[in-house]
Each structure stands twice: as C-alpha cells, then as structure tokens.
Amino acid sequence: MKIRKTKYQIGLIVSSSMGMLLWGIIGSIAPLATAWPFVSSLPKIYLSIFLFLPTTFMIIGNLILGILADMIGRKFIYILSTVLYGLGFLIIFFSSNVYVLVIGIALTEFGVGGEEVATLTLVSENMPVEERGTFLVFIPNMSNIGSALISFIFIYSYSSSIFVQKLYFITIALIAVAVAFYTRYRVPESYRWLRDKGKVKKALEEKKKINLTEEKVRVKPLNFYFALSFLAIIGISQYLTYGLMTYIIGPYYFSGDMISIIIFVASLGAAVAGFIAMFMVNWGRKRLALFSYIGGTVTILIILSLLNDISNMFIFMPLLFINMMFSEFAWATRTTIEPEIFPTLKRSSAIAIVRLFPGISYIISIFATSSFSLMDYIFSNVILWGIGAAATVVWYFKGIETKNIS
C-alpha cells in the first residue's frame with residue numbers, strides 16, 4: 001500500500017539518497033586511487049595499510065557518532081556528516097601525495113560512520129511502517145550507484161591526467177554535498193527519539209510534519225545479545241565478501257584500468273539487485289536473508305569451480321556481477337533488520353556496535369589475504385558466505401520476523 005508522503009519525508013528521501021550516493025563515491029576512492037602513481041608505487045605492505053585505513057576511520061565514526069546520535073539526536077549527526085564530506089573531498093582534490101590523500105579520506109570516512117547510523121535510524125523512525133523496508137533498501141542502494149558512477153568516471157578518464165579525474169570527481173561530489181546539506185536542514189528530528197527522551201511537546205510537533213500513525217503490530221523483544229550476534233555474523237560475511245571481491249581483488253591481483261572495471265561491474269550488479277530487493281524485502285526479512293546468503297554461497301562456489309578461467313574476463317565479470325547481486329540482497333537484509341530489531345534510545349549505538357565486528361574483521365582480512373594465492377582468496381570467500389548462510393538458517397527458526405513490527 002502506497003502512502004502519500006509529506007514534503008518532509010520527501011526531503012528525508014532526497015537528503016539520505018544523496019548521502020548514500022556520496023558514501024559509494026567515498027568507499028571507492030581509496031581502491032581507485034591505487035592506480036595513481038604516488039599510490040601504485042607503494043610496496044604491498046603499505047598498499048595494504050592504505051586500503052585498510054578508510055575502514056578504520058569509518059568504524060571510529062560509527063562508534064563515536066552512533067553514540068552521539070542516541071545522546072543528542074539524529075539530525076545533528078545527519079548534518080555534520082555532510083560537512084565532513086565537503087572538507088574531506090576538497091582535501092582529496094588538492095592532494096598530491098599519499099599522506100594528504102589519507103587525511104581527506106579519513107575525514108570523509110569518519111563522516112560515513114555517522115551517515116550510516118543517522119540515516120538508517122531516521123529512515124526507520126520517520127517513514128510509514130508499511131514502506132519502511134522498501135526505503136531501508138532503496139536509500140542505501142544509492143551507495144552502489146555512487147560507486148558505479150565514480151568507477152565509470154575513472155574508466156572513462158583512465159588515459160587522462162589525475163587532475164582531470166579529480167575534476168570530474170569533485171564536481172559530482174560537491175553538487176551532491178550541496179543538495180544533501182540544504183535538504184537536511186529541513187528534515188525533522190526523529191519524533192520517537194524526542195518522545196523517548198521526554199520531549200513530548202516537540203515530539204508531537206515533529207510527528208505532525210510526517211503524518212505517521214502508531215504501529216499496531218508488536219512482538220516480544222528478542223534477546224539483545226542473540227540479535228547482536230546474528231547481525232555481527234551476517235555483517236562479517238556480507239561486508240568482507242563484498243569488500244574483498246569489489247575493492248581488494250583488483251589492487252591485489254589486477255592492474256591498470258581493470259581495477260576500475262571490477263569496481264564498476266561489482267557495483268552495477270549490486271545496484272541492479274538493490275532495486276529488485278526493494279520488492280523482495282516484503283517477502284519477510286527471514287526469507288530474504290535465507291535467499292541472499294544461500295544464493296551468495298552457491299555463486300561463489302561456481303566462481304571457485306571455474307577458477308582456472310578467472311583470467312578470462314568474459315567468464316569472471318558475469319559471475320562477479322551475479323555474486324554481487326546476492327551480496328546486495330544480503331546488504332538489504334542487514335539494513336532492514338539492524339534498525340528494526342533495536343529499541344529507540346539504543347538504536348544508533350547498537351547499529352554502531354554491530355558494525356564494529358565486520359569493520360575490524362575487514363581490516364584483518366586485508367592483511368591476511370595479501371599473501372594469498374587467488375585460489376586461497378576465492379576459497380576464503382566461500383567460507384565467509386557459508387558462515388553467513390548457516391547463521392540465516394538459525395535465524396529463520398530462532399529469530400523474529402521484523403516486517404511491519406513496531
């Protein structure tokens with residue numbers, strides 16, 4: 001059932017979509033920049049450090065800004081992230097060595113940490129319950145579009161100078177920052193957060209702006225640590241397999257414009273799946289979780305079985321595209337269950353804590369896989385997908401269905 005949106009909810013959709021588009025651009029900058037001479041000349045150990053630093057600053061942002069979003073409100077963090085993006089993008093544009101580049105990436109990734117928790121929380125709290133899942137899939141999918149867009153620009157401008165590549169990048173980034181910043185000032189604070197903080201009058205004022213009715217479907221809260229464990233496991237499975245196959249396999253095993261092409265194909269596959277998942281999410285979160293992780297396991301097994309042909313891009317690229325589609329289905333599972341399963345005053349903090357596990361694991365995996373053969377690399381992805389699939393089977397029987405719940 002489609003529900004007419006107020007101008008404030010439309011503003012939330014536009015502002016959060018722009019933020020997620022920027023996230024995709026930010027997440028791709030470090031691996032794409034490995035083709036720049038002052039980065040590509042780094043020894044492999046320093047290249048590994050360069051590739052893990054973005055995630056380090058993102059999880060720091062997750063934790064600090066996630067806790068602050070529960071303490072002082074979602075909207076302040078929501079606006080702050082765009083300021084950090086703008087500053088970081090300008091530093092990246094003017095960088096001429098790896099040290100300045102890292103500073104710019106650090107600022108933007110710290111902002112991404114706040115973007116994740118504030119966006120997922122605000123969308124889950126300020127959108128109609130009947131359409132909550134749809135928007136919790138559609139909006140984060142904009143990050144895949146951002147990643148595909150920036151990687152396409154790098155492919156298109158591969159033979160151009162670094163300055164030209166940066167010029168394309170900064171133009172798109174600053175336009176998106178300006179749109180996000182302007183619209184975020186007009187977005188209401190979460191009325192649920194205000195209400196639970198005891199600011200009842202202000203909560204009622206904000207609620208009128210978004211025309212929400214109280215949800216009727218209520219369930220007994222699930223054990224916090226069981227939910228946290230499940231989300232941590234599927235988070236590690238999805239985040240590592242997506243990150244390793246999209247951002248790390250290129251710099252480690254390929255060179256030149258192939259790095260950009262792999263990121264583009266992987267991001268495009270995820271983006272296509274994101275639009276499909278907008279409808280699939282209404283199957284129920286449990287069914288989507290099972291489908292996503294079992295499908296991802298099967299497709300990565302096919303890649304493993306055809307490993308001898310992986311150098312043939314006509315074989316590898318379609319398989320990568322399909323595998324990343326299932327990764328996006330898995331991502332959609334995460335972005336809906338995470339904000340739906342936790343209580344209001346712990347929501348942002350809990351999402352931030354959940355994301356510590358895949359973030360730290362990803363950093364470790366970048367180092368751990370740097371000396372792997374290609375066979376070892378793909379096989380490790382098989383294991384990760386299998387762990388995620390096993391967790392979704394347990395959740396199917398022991399977890400709760402969060403579709404349409406309060």
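How many aromatic pairs does the count come to by the ring-centre rule? The count comes to 24 aromatic pairs, where rings of Phe, Tyr and Trp (its six-membered ring) pair if their centres lie within 6.5 Å, planes under 30 degrees apart counting as stacked, over 60 as edge-to-face and the rest as tilted.

The model is predicted: local features need pLDDT of at least 70 and side-chain atom pairs count only at pLDDT 80 or more, whereas totals for chains, interfaces and linings use all residues. Residues are numbered from 1 along each chain as its sequence is written, and side-chain values use heavy atoms, with hydrogens and water left out.

**Aromatic rings**

Select Phe 181 and Tyr 185. Their rings form an edge-to-face pair, 5.2 Å centre to centre with 80° between the planes. Phe 181 is partly exposed at 32% relative accessibility; here buried means under 20% relative accessible area, exposed over 50%, and partly exposed in between (1.4 Å probe, protein chains only).

Next, select Tyr 239 and Tyr 362. The ring centres are 5.2 Å apart and the planes stand at 80°, so this pair is edge-to-face. Tyr 239 belongs to helix α10 and Tyr 362 to helix α14, so the pair ties together parts that are 123 residues apart in sequence. Helices are DSSP runs (H or I, at least four residues), numbered from the N terminus.

Then display Trp 283, Phe 291, Phe 326 and Phe 329, which ring pairs link into a cluster.

**Charges over rings**

Two sites show a charge over a ring, meaning NZ of Lys or CZ of Arg within 6 Å of the ring centre and within 35 degrees of the ring normal. At Trp 36, the charged end of Lys 166 sits over the ring, 5.4 Å from its centre. At Tyr 78, Arg 184 lies over the face, 3.8 Å from the ring centre.

**Nonpolar cores**

A nonpolar core is a set of buried Ala, Val, Leu, Ile, Met, Phe, Trp, Tyr and Cys residues joined through side-chain atoms within 4.5 Å. The largest core has 104 residues, of which Phe 50, Phe 89, Phe 169, Met 245, Ile 248, Leu 320 and Ile 378 touch the most other members. Helix α10 (residues 224-253) provides the largest share of this core, 14 residues.

Centre the view on Met 245. Apart from neighbours within four places in sequence, Met 245 is in contact (heavy atoms within 4.5 Å) with Ile 262, Ile 300, Phe 316, Leu 320, Met 324, Tyr 377, Ile 378 and Asn 381. A second, separate core has eleven residues, including Ala 273, Ala 277, Met 278 and Met 325.

Select residues 98-126, helix α5. Its 29 residues reach 41 Å from first C-alpha to last, close to the 42 Å expected at 1.5 Å a residue; the expected span is 1.5 Å times one less than the number of residues. In α5, 23 of the 29 residues are buried, so this helix is largely enclosed by the rest of the structure.

Move to α13, where Thr 335 is found (residues 313-341). Helix α13 also has 29 residues and reaches 41 Å, close to the expected 42 Å. Since 23 of its 29 residues are buried, α13 is largely enclosed by the rest of the structure.

Is Thr 335 buried or exposed? Thr 335 is buried, with a relative accessible area of 1%. Its side chain reaches the backbone oxygen of Ala 332 at 3.3 Å. Beyond neighbours within four places in sequence, Thr 335 contacts Leu 120, Leu 136, Val 137, Pro 140 and Arg 355.

**Final stops**

In helix α14 (residues 347-368), select Ile 353, which is partly exposed with a relative accessible area of 31%. Ile 353 and Leu 63 are 290 residues apart in sequence and 6.6 Å apart in space, C-alpha to C-alpha.

In helix α15 (residues 374-398), select Ser 380. Ser 380 is buried at 16% relative accessible area and, leaving aside neighbours within four places in sequence, contacts Thr 369 and Phe 372.

Definitions and conventions. Helices (H or I, at least four residues) and strands (E, at least two) are DSSP runs, numbered from the N terminus. A polar contact is a pair of N or O atoms within 3.5 Å; within protein, one must be able to donate a hydrogen and the other to accept it, and residues adjacent in sequence count only if both atoms are side-chain atoms.
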